[in-house]
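Subject: Structure handover and findings

Hello,

Here is the structure you were expecting. Please open it alongside this note and follow the points below.

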6 protein chains.
Amino acid sequence: MHSLNAPGLDPAVVRRALDEDIGSGDVTTLATVPAGTRIGGTILARQAGVVAGLSVVDAVVRFTALVTDGQAVTAGAELATLEGDARALLTAERTALNFLGHLSGIATLAMQCTRAVEGTGAAVVDTRKTTPGLRALEKYAVAVGGARNHRFGLSDGVLIKDNHIKAAGGIASAVAAARRNAPHLLRVEVECETTAELREALAAGVDVVLLDNMSLAELASAVRLARELAPGMLIEASGGIGTDRERLRAVAETGVDFISLGALTHSAPNFDVSLEFAELTRR
Amino acid sequence: MHSLNAPGLDPAVVRRALDEDIGSGDVTTLATVPAGTRIGGTILARQAGVVAGLSVVDAVVRFTALVTDGQAVTAGAELATLEGDARALLTAERTALNFLGHLSGIATLAMQCTRAVEGTGAAVVDTRKTTPGLRALEKYAVAVGGARNHRFGLSDGVLIKDNHIKAAGGIASAVAAARRNAPHLLRVEVECETTAELREALAAGVDVVLLDNMSLAELASAVRLARELAPGMLIEASGGIGTDRERLRAVAETGVDFISLGALTHSAPNFDVSLEFAELTRR
Amino acid sequence: MHSLNAPGLDPAVVRRALDEDIGSGDVTTLATVPAGTRIGGTILARQAGVVAGLSVVDAVVRFTALVTDGQAVTAGAELATLEGDARALLTAERTALNFLGHLSGIATLAMQCTRAVEGTGAAVVDTRKTTPGLRALEKYAVAVGGARNHRFGLSDGVLIKDNHIKAAGGIASAVAAARRNAPHLLRVEVECETTAELREALAAGVDVVLLDNMSLAELASAVRLARELAPGMLIEASGGIGTDRERLRAVAETGVDFISLGALTHSAPNFDVSLEFAELTRR
Amino acid sequence: MHSLNAPGLDPAVVRRALDEDIGSGDVTTLATVPAGTRIGGTILARQAGVVAGLSVVDAVVRFTALVTDGQAVTAGAELATLEGDARALLTAERTALNFLGHLSGIATLAMQCTRAVEGTGAAVVDTRKTTPGLRALEKYAVAVGGARNHRFGLSDGVLIKDNHIKAAGGIASAVAAARRNAPHLLRVEVECETTAELREALAAGVDVVLLDNMSLAELASAVRLARELAPGMLIEASGGIGTDRERLRAVAETGVDFISLGALTHSAPNFDVSLEFAELTRR
Amino acid sequence: MHSLNAPGLDPAVVRRALDEDIGSGDVTTLATVPAGTRIGGTILARQAGVVAGLSVVDAVVRFTALVTDGQAVTAGAELATLEGDARALLTAERTALNFLGHLSGIATLAMQCTRAVEGTGAAVVDTRKTTPGLRALEKYAVAVGGARNHRFGLSDGVLIKDNHIKAAGGIASAVAAARRNAPHLLRVEVECETTAELREALAAGVDVVLLDNMSLAELASAVRLARELAPGMLIEASGGIGTDRERLRAVAETGVDFISLGALTHSAPNFDVSLEFAELTRR
Amino acid sequence: MHSLNAPGLDPAVVRRALDEDIGSGDVTTLATVPAGTRIGGTILARQAGVVAGLSVVDAVVRFTALVTDGQAVTAGAELATLEGDARALLTAERTALNFLGHLSGIATLAMQCTRAVEGTGAAVVDTRKTTPGLRALEKYAVAVGGARNHRFGLSDGVLIKDNHIKAAGGIASAVAAARRNAPHLLRVEVECETTAELREALAAGVDVVLLDNMSLAELASAVRLARELAPGMLIEASGGIGTDRERLRAVAETGVDFISLGALTHSAPNFDVSLEFAELTRR
């Protein structure tokens, strides 16, 4: 279930992660740590970046957050303190850190890419190229990192690609079919790889165009054309852009509104985080 | 459910991935592609590497594999052909590619790291630092890439870390507790950060030692000590080793049996793969 | 899971319906019908209307459809024939008919309301006032009956109501927040109860206005104002309109684009349908 | 799971209803309502009737009930007050009202039909013609409205219909099979469409007869026959009776013990209810 | 889900049993048996008894049954042959045998107890004292063994015990409440420990009495009293009767209709069954 | 989900057990016990033995334990007191007692078998012959009773049986394959039925041998051979040993380390336990 006010947090996702780690039981902890032992600890950032996923950690083990999701931290920063039953904490430790490292890695990359285009008017957005089963959390991490979310999935936006166009018999008829059949609160976006396709899309009156796999020069020229023919339309660039900061800025400077990046979610390196235990007392 | 003979493949994982992408329906496809349209396509590798996850793709859409999991491919290689209902294929495309790109990315990195230590007698192994919800598939991808799997989770091995030692009152009593309480088919491994700890672990008669966060020189010296005092024991190196090929080889050459790498699963970049559609016919 | 190409059909919904009816077993059938008995039957419409839900029935018991979803039928029409294991068919009969009667009732009402506004340029659309647990199927029945679907839920459209406006500090800032934070493929609609609110919404540049609870005269005047100030904007009427055919037509004739009706899904009377068994043979 | 003492309330039903409405998130609320905003409101009846489902609403959002389930209210009555996190309340509002409107609609119709037969000795009972997935709640609403529940499903009663009779080789052998095979705490009821069938059922010693699709005259004559031949037997009338109050009373006056009505659950119009928000404060 | 025509068989129960055994994978089989190996085998009874659960085995691994559920077999009898993928069969073997041994153990005990009372007019019935999670299958095994099923759970029968009586204010008012509130297809049974209680129950007109924890002499006298005062009433004996054959027959000879035995399901010893593999071929 | 620190306790197992008993509702209690009634009671042991499962009972109904799991009790001992809502307690009573009786039966048998081998150096261990769906709880009861747990399932240990040997082409190659492919924290055990097989296993350097279905004399001779050739190796006896105390001791005295007994979990008789209610008050 989607929690009513913690975006992206589905308790079942957390439970499944614990289940796959615990299996039939944490044999080491049950064998060596007496029931009733208490322990305290601190979660530390081992690199600089943006933290995301503290509420997920909270669903695994109760703790006191020292920072908030979206906050930039330096290497060595203390993120949270924990105190509780030693068996439970030792058993849950890895799962909690796996979430935190994965999501903070995405938030950190989102922040870096967003900074690269700062001041240009373009926004960095994510895609549907997410890790299976973690879309809600990954999109949350993207937003927390300062980038924007594209559609969540196939049901909250119309994005017409070449096969839809072929099946519908052309851009004009594809767009007409979308207007006729899709709910009226969804905008219609068409993927264009050439100027010819862009002209067709503009003629069909689409709301957004996706300029796919274009060179910087092609992009710049396409943007000029679109701005001239359809002043209010939204323009998105996509396709093999990557997370190189200079390239990102160059793309942004062509005048597009959005740059969508699969790498934000499918190739963000893990954020290095650890849990240092301190006290150990018997109840 | 674990499939009876496809390691790592749990149909529920695939179904949840489709669900999170489809949401309340693929509005674009339903609006623009007439029911009954048929389509064919080819899955292509866009980079060199090792393929993993074809059986997962098969659980999403039926297809004909042209390679097998674990096979090394070059950029441009055709991995599979598909033919079927256009609506179903267009709707499932992204989910299938997300699995294939993620798992092939891991298999490719596992292959590269394994090659780096070839001939040294050391094996590269994974860790529990996996993406939440995907452990079985990621461990499968590691094995397909030629590296080895460490324990799957907390229930299939005893790995005693410093907090377990503190709670049990020392290495000797922690190992004794594990021998007394854990099932007798599980080996006992102890994490050691110093030579002193290593000597204690050897004296306690452990089956495996984990040398954590040691310099190359420390590692080499620890291995010599262990080989002298406990000839048949298994030795694992771990802790911030990373995937740099030269560093990996140097670690392997200290004489350890296993090098465990969190990066294999938590930081493998996505493998670039695409689905090119070809024919489009009306039923 | 959402089936890849049967809109609205989630096998789990069907399974739960069977489960709640069967409980611990169909004691009557198991006690009185010998295993191996075969039976044949026909599903009959007992009233005129539009059929919806045949694919759901197919998920309960295998059958041969004689009509298709969306087809108008007369009282007495044969909808499908069945043949199979008598125990299975007798056990599943009520569940199958409950789905078919409920969904065909909605499709029939959708058809009647759609006919009432035929030729006016206005379309009848559904709302989120659906029966809990059956939204996908009910929205499918609405579409099959010829009416249109509004957003499926809270994630595929921005619809700003008075409390959102209060919380955001006015229509202008609410719309600005939506533009800034919501995915760019979602249109922004604002609910207006007065001309003043309508003017504010128009000034804020919304994509769609929802004219709520207005009299026919107010509606007509609001439509005129909107068409003058924002020629391309979409206009939706809502609020206590009901399914009276004459009233519906009068609302449509004010020039709105959409009329949304909760009654389509929350108050459609059941469509009368029965299953007549014919042959009965021993295997 | 069935709650241990709230009849009909399965938290999973509520969670699924919230899930299908929220989808990937309430974009409007998240975009326009700042985190930490508090809000208060009142649930109002917009028509007279019987309230049912307050405990379901309570499972969606915490509130203070001003009436109890089963209580008759007038139009305008305040049913409950709420106070809480504005984001959570706005997101859950529609789901809560959908349950309350649906169940109160059924309770209201059950009350009306029960009143129609008051003083006759006959009771109005529901059937298995319920909305798929909501049987427990709908049967609860029927009881709350003052009518009685027939069997919940196929496992808590033996009801022999014509196909069971054909398969078993006659009424006598069907009844004998039921006595032999069904648990001994279940009564045996036989559906009869003619006097001949009724005589057979009486001869077989059934506990209850269901007089199906009979005219008022046929019913009256069948009741007389049954009372004469089997004084203590229970008699139920069924089949196309509908919810017309006068017809109901006429059926009741034939002397039957029970009148079963599919319309109670499959065609009850929605009860009109709304949630008016009042205060809005920042935390 | 309850299968539509295999009583007691819920595929989820089988899947969970496989899951708990397989965990993260059958490491022995995956490590030692090459993919593609084929194997054949035979399931053998290692003791005499009644077989139950073959359809459950069939849900685990496909096989050819040589006997049917409910058939009496001798030690050494061949129950089924299997042929298939060696990995799948070796992995599923223990789960299949666990079901078969457990259910056949119950069926065998049910057969023995039923034979002990043969010819007396009394029937042996089960209780709700079943193994958690397996009630449907265990009740199925009881029936297959020739004994009868009592109510499946709390919803398919009214059984008034002493605490219900205390809460309702006496037997008469408890019975009256049950008649007023419970569905009319459920019989009402009252538990009686003394003659005084029995007289009260008879006076209240119950359908069935449960004579609990009485000596043989008390039972015989209670039966005489009940037969005299309420000729058609059903009488059940219960409470610490056990599965001793002579005691069972003595209880039956007091003239009761039913003897309910918790031991049928909670203490039946496992039926000894094994799977002998024969051929082993490479695909 | 596995609870983080209550071994074996999965709330879903408890919920399913309640569900299968409650079905569509506890009609007796709802009909006869007024809402708001309070009740108190005591859980009593009706035989001597070892208690197991109190934490499971606690998951069903809140109570105050008077003993702890693993404690030996005499007949008549008070195990726990309860106080709460009468409807909830009466509805949950049977499910709670079913768990407690089943698990305490296993713990009691485990204690008895363990005592039989006291002082011999051998330990009694369980097997994978558990009741489907209850493995975690049953293994917990075994441990609480003082016996040891063998592997939990197929993933936490390598146990090579004759079919694995055939498929791998001999004991030597099977062991080599296991060493190469299985995770390095798992020991390798080989099942041996003859001295020849034992010699092969010893030569292959296995960690544990399982001596299966041997006579006492064969066992004693095999143990001598193994102790001579492989001093540190673990030896397990298995196969038709049963729970006869004298036979168990004789097996233990052959010098084996472990005796594994399927009967511990698949044939333990139920432990007799009851719940006596005392007070009954109206709220």
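How many bridges join β7(B) to strand β8 of chain B, and in which sense do the two strands run? There are 3 bridges, and β7(B) and β8(B) run parallel. One residue pair to look up: B:Val158 has B:Val188 in β8(B) as its bridge partner. Strand β8(B) spans residues 188-192.

Before going further, please note that this is a predicted model.

**The sheet in chain B**

Those two strands belong to an open sheet of 6 strands. Its order is β6-β11-β10-β9-β8-β7 in chain B, and the pairing is parallel. At the edges are β6 (123-125) and β7 (158-160) of chain B, each of which pairs on one side only. From one strand to the next, the twist averages 25°.

A helix packs on this sheet: α9 of chain B, residues 216-229. Helix α9(B) touches β9 (208-212) and β10 (234-238) of chain B. The direction of α9(B) makes about 165° with that of β10(B).

**A helix pair in chain B**

Next, look at helix α1 (residues 11-22) and helix α4 (residues 86-116) of chain B. They pack at an angle of about 130°, and their axes are 10 Å apart. That angle makes α1(B) oblique to α4(B). The crossing of α1(B) past α4(B) is right-handed.

Which residues make the contact? From α1(B) come B:Val13, B:Val14, B:Ala17, B:Leu18, B:Asp21 and B:Ile22. From α4(B) come B:Thr91, B:Ala92, B:Arg94, B:Thr95 and B:Phe99. By class, the contact of α1(B) with α4(B) holds 7 nonpolar, 2 polar and 2 charged residues.

**A helix pair in chain A**

In chain A, take helix α4 (residues 86-116) and helix α10 (residues 245-252). Their axes come within 8 Å and cross at roughly 50°. Why are they called oblique? Angles under 35 degrees count as roughly parallel and 65 to 115 as roughly perpendicular, so α4(A) and α10(A), crossing at roughly 50°, are oblique to each other. The crossing of α4(A) and α10(A) is right-handed.

On the α4(A) side, the residues are A:Leu109, A:Gln112, A:Cys113, A:Arg115 and A:Ala116. They meet A:Arg245, A:Leu248 and A:Arg249 in α10(A). The contact of α4(A) with α10(A) divides into 4 nonpolar, 1 polar and 3 charged residues.

**The sheet in chain F**

Chain F has an open sheet of 6 strands, with the order β6-β11-β10-β9-β8-β7 and parallel pairing. The edge strands are β6 (123-125) and β7 (158-160) of chain F. Each has a single partner strand, so one side of each is left without a neighbour in the sheet. Direction ignored, neighbouring strands of this sheet are turned by 25° against each other on average.

Within the sheet, β10 (residues 234-238) and β11 (residues 258-260) of chain F pair in the parallel sense over 2 bridges. F:Ala237 stands opposite F:Ile259 in β11(F). Helix α9 (residues 216-229) of chain F packs on the sheet, where α9(F) touches β9 (208-212) and β10 of chain F. The direction of α9(F) makes about 165° with that of β10(F).

**A helix pair in chain F**

Helix α9(F) also packs with helix α8 (residues 195-203) of chain F. The angle is about 20° and the axes are 11 Å apart. That makes α8(F) roughly parallel to α9(F). Their crossing is right-handed.

The α8(F) residues are F:Thr195, F:Leu198, F:Arg199 and F:Leu202. They meet F:Ala222, F:Leu225, F:Ala226 and F:Leu229 in α9(F). The contact of α8(F) with α9(F) has 6 nonpolar, 1 polar and 1 charged residues.

**Between chains**

The contact between chains F and E takes 61 residues from chain F and 60 residues from chain E. About 4800 Å² is buried between them, and carbon and sulfur atoms give 58% of that area. In chain F, the residues that lose the most area to chain E are F:Glu20, F:Pro132 and F:Leu154. Together they make up 15% of what that side buries.

Two chain pairs do not touch. Chain B and chain D have their nearest C-alpha atoms 7 Å apart, without contact. No contact joins chain C and chain F either, and their closest C-alpha atoms lie 7 Å apart.

Best wishes

Notes. Residues are numbered from 1 along each chain as its sequence is written. Chains are lettered from A and ligands numbered from 1 in the order in which they are written. This is a predicted model: local features need pLDDT of at least 70, side-chain atom pairs count only at pLDDT 80 or more; totals for chains, interfaces and linings use all residues. Side-chain values use heavy atoms; hydrogens and water are left out. Two strands pair if DSSP finds at least two bridges between them. Helices (H or I, at least four residues) and strands (E, at least two) are DSSP runs, numbered from the N terminus. Axes are lines fitted to C-alpha atoms, for helices over the stretch in contact, and angles run from 0 to 180 degrees between N-to-C directions. Contact means heavy atoms within 4.5 Å. Angles under 35 degrees count as roughly parallel, over 145 as roughly antiparallel, 65 to 115 as roughly perpendicular and the rest as oblique. A crossing is left-handed if the near helix is turned anticlockwise from the far one by less than a right angle, and right-handed if clockwise. Ala, Val, Leu, Ile, Met, Phe, Trp, Tyr, Cys and Pro count as nonpolar, Asp, Glu, Lys and Arg as charged, and the others, Gly among them, as polar. Buried area is the accessible area (1.4 Å probe) that two parts lose on being put together, summed over both.
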